[in-house]
Amino acid sequence: MDFSQIEQLDKRYHAETYAYFPVAFTGGKNATLIGTDGKEYIDFGAGIATNIFGVNDESWKAAVIEQLGRVQHVSNYYYAEPQSRLAELLCTKSGAKRVFFANSGAEANECAFKAARKYSAMKYGEGRAKIVSLKGSFHGRTLFTLTATGQDAFHRWFGPFVPEVGYAEANMEDLRRVADQKTCAVVIECVQGESGVNALPRQFVTALEAFCKERDILLICDEVQSGNGRTGKLYAYEHYGISPDIVTTAKGLGGGLPIGACLFFEKTEHVLQAGDHGSTFGGNPVCCAGAVNVVSRLTDEFLLEVQGKADYMRAKLKGFDGVTQVTGLGLMIGLGVKKNSKEIAAECLKRGLLVLTAHERVRIVPPLTITKTEMDEGLSILKEVLK
Ligand SMILES: Cc1ncc(COP(=O)(O)O)c(C=O)c1O
């Protein structure tokens with residue numbers, strides 16, 4: 001099909017939930033995609049921080065195809081080797097005790113919120129079910145995670161919402177006001193992706209950890225976007241030296257296949273028991289085989305390379321005309337810009353570069369394997385557009 005045929009079909013039959021850019025892709029390699037028009041595009045978006053190794057990565061593909069040739073799905077009535085191996089790998093690397101597998105970031109967060117409520121109900125009885133999130137946060141589109149998303153724009157039309165959710169500014173004064181006696185958990189993104197790629201202040205995060213520990217309020221780190229090596233560490237919370245009770249992740253974990261994970265640390269290890277939670281596709285063997293490949297390749301050496309690439313891109317971006325600020329951590333980059341971010345993204349696309357936006361910022365979250373040539377090509381397009 002050529003592009004106009006795809007576009008026509010989609011406009012006629014697909015739900016109208018997405019405002020697409022006028023392009024579709026047929027293939028590519030690493031951080032270079034090929035459009036239906038045969039044109040090459042440098043990818044600074046990685047399918048929204050998802051294609052950790054870009055497209056067509058040989059080792060990842062081989063792992064996925066190998067599992068596809070065995071068995072594609074078994075359900076959670078039975079054991080599955082890729083799932084058990086991935087759970088072990090995640091626990092060994094992170095220090096978590098157990099993992100629940102979901103299909104997306106929102107579902108990983110749903111699991112975390114449910115576990116937090118059960119932890120509290122078992123220990124303290126009813127009436128301590130409040131989840132506190134931060135203003136500007138994004139935690140997903142299911143009703144519970146949408147409720148916990150601290151941005152009013154997402155709430156329009158969809159009430160009534162899940163009760164016992166509160167929102168605090170990222171400072172201890174406001175947090176103390178909102179996180180009252182009825183609170184069982186506080187959820188944070190160490191780098192808020194959707195609202196502008198803002199890293200939380202270090203002082204706040206460490207004070208929050210101490211506050212939560214004192215009151216036995218669970219600290220949940222949503223690493224859906226910032227996890228899996230994106231910031232130069234396995235998880236962004238490691239930059240802050242904190243120990244969360246639950247960590248959720250998704251996006252990059254599968255390298256481009258749908259999988260989410262909820263990691264339980266010491267306090268929460270045994271909270272969820274048989275029958276409490278589940279998912280038909282959660283822990284799907286093909287997705288887990290892809291994720292085993294991803295996580296096992298996120299070595300210290302690889303993460304150092306990510307940090308090096310991030311330093312390189314950030315230094316260049318800081319010198320560009322039209323850039324007011326470079327935010328975020330590692331290869332999760334926000335650009336404060338003088339022009340309209342959506343118009344910048346559209347103009348970049350015309351010139352062969354894919355970038356994302358986050359409110360008024362340009363968001364750059366390339367494959368972690370992006371080469372110097374690809375970075376340079378993309379940066380030179382961006383430089384021209386930003387001028
Ligand atoms: C921090 C964060 N949490 C949760 C989600 C929801 O993930 P998903 O779209 O996989 O449900 C996202 C998605 O962008 C995210 O950035």
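Which hand does the crossing of α10 and α12 have? The crossing of α10 and α12 is right-handed, where right-handed is defined as the near helix being turned clockwise from the far one by less than a right angle, and left-handed as anticlockwise. Welcome to a short tour of a predicted model, in which local features need pLDDT of at least 70, side-chain atom pairs count only at pLDDT 80 or more, and totals for chains, interfaces and linings use all residues. Residues are numbered from 1 along each chain as its sequence is written, and side-chain values use heavy atoms, with hydrogens and water left out.

**Helix α12 and its partners**

- Helix α10 (residues 300–318) and α12 have axes that come within 11 Å and cross at roughly 20°; axes are lines fitted to C-alpha atoms, for helices over the stretch in contact, with angles from 0 to 180 degrees between N-to-C directions.
- α10 and α12 are therefore roughly parallel to each other (under 35 degrees is roughly parallel, over 145 roughly antiparallel, 65 to 115 roughly perpendicular, and the rest oblique).
- Helices here are DSSP runs of H or I with at least four residues, strands are runs of E with at least two, and both are numbered from the N terminus.
- On the α10 side, K309, Y312, M313, K316 and L317 meet K372, M375, D376, L379 and L382 of α12, a contact being heavy atoms within 4.5 Å.
- That contact of α10 with α12 has 6 nonpolar, no polar and 4 charged residues (Ala, Val, Leu, Ile, Met, Phe, Trp, Tyr, Cys and Pro are nonpolar, Asp, Glu, Lys and Arg charged, and the others, Gly among them, polar).
- Helix α11 (residues 341–350) also pairs with α12 (residues 372–386): their axes come within 10 Å and cross at roughly 130°.
- α11 and α12 are therefore oblique to each other, and their crossing is right-handed.
- I344, E347 and C348 of α11 make this contact with I381, L382, V385 and L386 of α12, giving 6 nonpolar residues, no polar ones and 1 charged.

**Helix α4 against α9**

- The axes of α4 (residues 81–94) and α9 (residues 285–297) come within 8 Å and cross at roughly 30°, which makes α4 roughly parallel to α9.
- α4 passes α9 in a left-handed crossing.
- P82, Q83, R85, L86, L89, L90 and K93 of α4 touch P285, C288, A289, A291, V292, V295 and S296 of α9.
- Sorted by class, the contact of α4 with α9 holds 10 nonpolar, 2 polar and 2 charged residues.

**The second largest pocket**

- The second largest pocket holds about 930 Å³ of space, a volume being the space filled by probe spheres set on grid points that are joined across faces, edges and corners.
- A pocket, on a 1 Å grid over the protein atoms alone, is an open set of points where a 1.4 Å probe fits, with protein on both sides within 12 Å along at least five of seven lines; lining residues have an atom within 4 Å of a point.
- Of the 35 lining residues, N76, Q83, V99, F100 and F101 are the closest to the pocket's centre.
- α4 and β4 (98–102) are the elements giving two or more residues to the lining, and α4 supplies the largest share, 5 residues.
- The lining of the second largest pocket divides into 15 nonpolar, 15 polar and 5 charged residues.

**Backbone details**

- G159 and P160 are joined by a cis peptide bond, with omega about 0°; P160 lies in the loop between α6 (143–148) and β6 (165–168).
- I48, found in helix α2 (residues 46–49), has a phi near 55°, a positive value in a residue other than glycine.
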